[in-house]
Amino acid sequence: MWTSHRITIDAEVPVSGLKDKAALIRKVIKAALSEEGVLVPCEINVLLTKDEGIREINVEQRGIDAPTDVLSFPMLELTPGDKPEEAWKDPGT
């Protein structure tokens, strides 16, 4: 198990200044996880793509043949409104 968040950023499209933009994306993700009180390492994957790419993922994962601004898929079963127990426990307890 790793000891910090694993954040990967991939681009299927040309992005000027990708290194700087990737650093900002990582900073925002870490701030959001901190604000939400996430105390365990997380894996976050960001893909920068065009409408065609997001539409393809939308069809494969959700059966919806349309592009969208953002797609998010949890890697564990969640109950709406409930936080996963293990993910919000203090690792020191």
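Guide: Let us begin with Asp65, which counts as exposed because its relative accessibility is 53%, and the cut-off for exposed is over 50%. Please keep in mind that this is a predicted model. The side chain of Asp65 meets that of Arg55 in a salt bridge, with 2.8 Å from N to O. The two partners come from distant parts of the chain: Arg55 belongs to helix α2, whereas Asp65 sits in the segment after α2, and they are 10 residues apart. Arg55, at 36% relative accessibility, counts as partly exposed. As a general point, side chains of opposite charge can pair when their charged atoms come close.

Staying with the helix, α2 covers residues 51-62, and Asn58 lies in it. Is Asn58 buried or exposed? Asn58 has a relative accessible area of 2%, so it is buried. Setting aside neighbours within four places in sequence, the contacts of Asn58 are Gly63, Ile64, Ala66, Pro67, Thr68 and Leu71.

There is also charge on the surface to look at. Glu56 and Glu60 gather with Asp10 and Glu12 in a patch of negative charge there. Of these residues, Asp10 is found in strand β1, which spans residues 6-11. Asp10 is partly exposed, since its relative accessible area is 47%.

From the strand we can turn to the other helix. Leu18 is found in helix α1, made of residues 18-35. With neighbours within four places in sequence left aside, Leu18 is in contact with Ala11 and Leu48. Its relative accessible area of 31% makes Leu18 partly exposed.

Now for the wider picture. The protein has 2 helices and 2 strands, and from the N terminus on these elements run β-α-β-α. Of its 93 residues, 17% count as buried, and Asn58 is one of the buried residues. Taking contacts between residues at least 6 apart in sequence, 56% join residues at least 24 apart. The accessible surface comes to about 7,500 Å², and carbon and sulfur atoms account for 53% of that area.

Notes: Residues are numbered from 1 along each chain as its sequence is written. This is a predicted model: local features need pLDDT of at least 70, side-chain atom pairs count only at pLDDT 80 or more; totals for chains, interfaces and linings use all residues. Side-chain values use heavy atoms; hydrogens and water are left out. Helices (H or I, at least four residues) and strands (E, at least two) are DSSP runs, numbered from the N terminus. Buried means under 20% relative accessible area, exposed over 50%, partly exposed in between (1.4 Å probe, protein chains only). Contact means heavy atoms within 4.5 Å. Patches are made of residues with over 30% relative accessible area and no salt bridge: like charges are joined within 9 Å, nonpolar side chains (Val, Leu, Ile, Met, Phe, Trp, Tyr) within 5 Å. Accessible areas come from the Shrake-Rupley method with a 1.4 Å probe; for residues, only the protein chains shown count as cover. A salt bridge is a side-chain nitrogen of Lys or Arg within 4 Å of a carboxyl oxygen of Asp or Glu. Lys and Arg count as positive and Asp and Glu as negative; His and the chain ends are not counted. The place of a charge is taken as NZ of Lys, CZ of Arg, CG of Asp or CD of Glu.
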